[in-house]
Amino acid sequence: MNKCLGCGVFLQTKNKNALGFIPEEKYNKSLCERCFRIVHYNEFKIVEAPKSQEFLNTINKSGQYAFFLCDLLNINKEVINTYKKIIIPKCLIISKIDYIPKYINKEKIKNWLKKEYDLLEDIHFISVKKNYNIQIINTILREKSLKEGYLLGYTNAGKSSLINKLNKDSHITTSSTPNTTLDFIKIKISESLSIIDTPGFNYQNSFYEFNNQALIKKFSPKNVLKPLTYQLKKGTSIVIEDNFRLENVSDQCNITLYLSNLLNLKKIYEKNIQLKNLKVTQLRIKKNQDLVIKGVGFINCKNDAILNIYLKNENILEVRNSFFER
């Protein structure tokens, strides 16, 4: 039975509502109907996510090598804890390094990652958009005398885009919407080397609903990230996409936002009660710490501050020391 080259599920002609459906007259094609419509019409059908622990168990039993891809804006405890569950030989690859200005030293980011999240393995940086270091997978496989390895990461880390860049004949379906890849897909990246694409992990708690495609598409910047700096007087707030309100309750707070340039941001004042009906979480942030919003990005605080955060789920928040100069 053939597999869809876009998402990895087995093709079938019997059930239009089941995964892998393809009309019988098109059975010799390479994409299921779902992937075909994503690629050609940007239509996404919401499907149940594969059980991550099950395919993680399969990978851990394989005895092979794992490349774990992580978007620079989405380094957080949940992502790193998932990475640590991989028990086979592995390395961490930080994607979308072009999101930050060139003056930020990559070696310092690497040292910060190892210290902040207690990491031991090698760390590499890539940018698919800029063709920066994308051959690192081939290099590592050859150095270790391996013929193939697994590629893992959270949804929207850029796995499929990387594979399609390594193999221009690849048909992996790329989409910013979660649960695009649904099963293992083995792809040649050279005459002797292959990579196995895997279903993306999903956050246990998220800023967005998985069926909100319009919002999800905004989380990946289209250009080099342009950090936005705000000086917030007491009582002043920043609102993100009408879902999240950050209110300064200290004397003054200087913050820089490292978020997608496509997100809607606005500055509002104390008398504006927008989102104040949501649960409030008060955080004390020290100078040069980051407030991380899982799946969205992070906010760097330039001075000690007390912040009230209004949102539906406080479990998407994390405070950490920053990789910026202290």
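## Close-up views of a predicted model

**View 1. The largest nonpolar core.** Among the 39 residues of the largest nonpolar core, Phe68, Ile75, Leu92, Ile94, Leu113 and Leu152 touch the most other members. Such a core is a set of buried Ala, Val, Leu, Ile, Met, Phe, Trp, Tyr and Cys residues joined through side-chain atoms within 4.5 Å; buried means under 20% relative accessible area, exposed over 50%, and partly exposed in between (1.4 Å probe, protein chains only). At least two residues of this core come from each of helix H2 (52–62), strand S1 (66–71), helix H3 (77–84), strand S2 (90–95), helix H4 (106–116), strand S3 (123–125) and strand S4 (148–153). Helices (H or I, at least four residues) and strands (E, at least two) are DSSP runs, numbered from the N terminus. Apart from this core lies another, of 25 residues, including Ile238, Cys253, Leu263 and Leu291.

A note on reading these views: this is a predicted model, in which local features need pLDDT of at least 70 and side-chain atom pairs count only at pLDDT 80 or more, while totals for chains, interfaces and linings use all residues. Residues are numbered from 1 along each chain as its sequence is written, and side-chain values use heavy atoms, with hydrogens and water left out.

**View 2. A five-stranded open sheet.** The strand order is S7-S10-S14-S13-S16, with antiparallel pairing; two strands pair if DSSP finds at least two bridges between them. Strand S7 (228–233) and strand S16 (317–321) stand at the edges with a single partner strand each, so one side of each has no neighbour in the sheet. Further in, strand S10 (residues 252–258) and strand S14 (residues 297–301) are joined by four bridges. Look for Tyr258, whose bridge partner in S14 is Phe298.

**View 3. Glu148 and Lys186.** These side chains meet in a salt bridge (2.8 Å, N to O), that is, a side-chain nitrogen of Lys or Arg within 4 Å of a carboxyl oxygen of Asp or Glu. Glu148 lies in strand S4 and Lys186 in strand S5 (residues 185–188), so the pair ties together parts that are 38 residues apart in sequence. Glu148 is buried, at 17% relative accessible area, whereas Lys186 is exposed, at 57%. By this rule, there are nine salt bridges.

**View 4. Arg320 and Asp290.** Here the side chains of Arg320 and Asp290 form a salt bridge (3.2 Å, N to O). Arg320 sits in strand S16 and Asp290 in strand S13 (residues 289–293), 30 residues apart. Arg320 is buried, with a relative accessible area of 2%, and Asp290 is buried at 0%.
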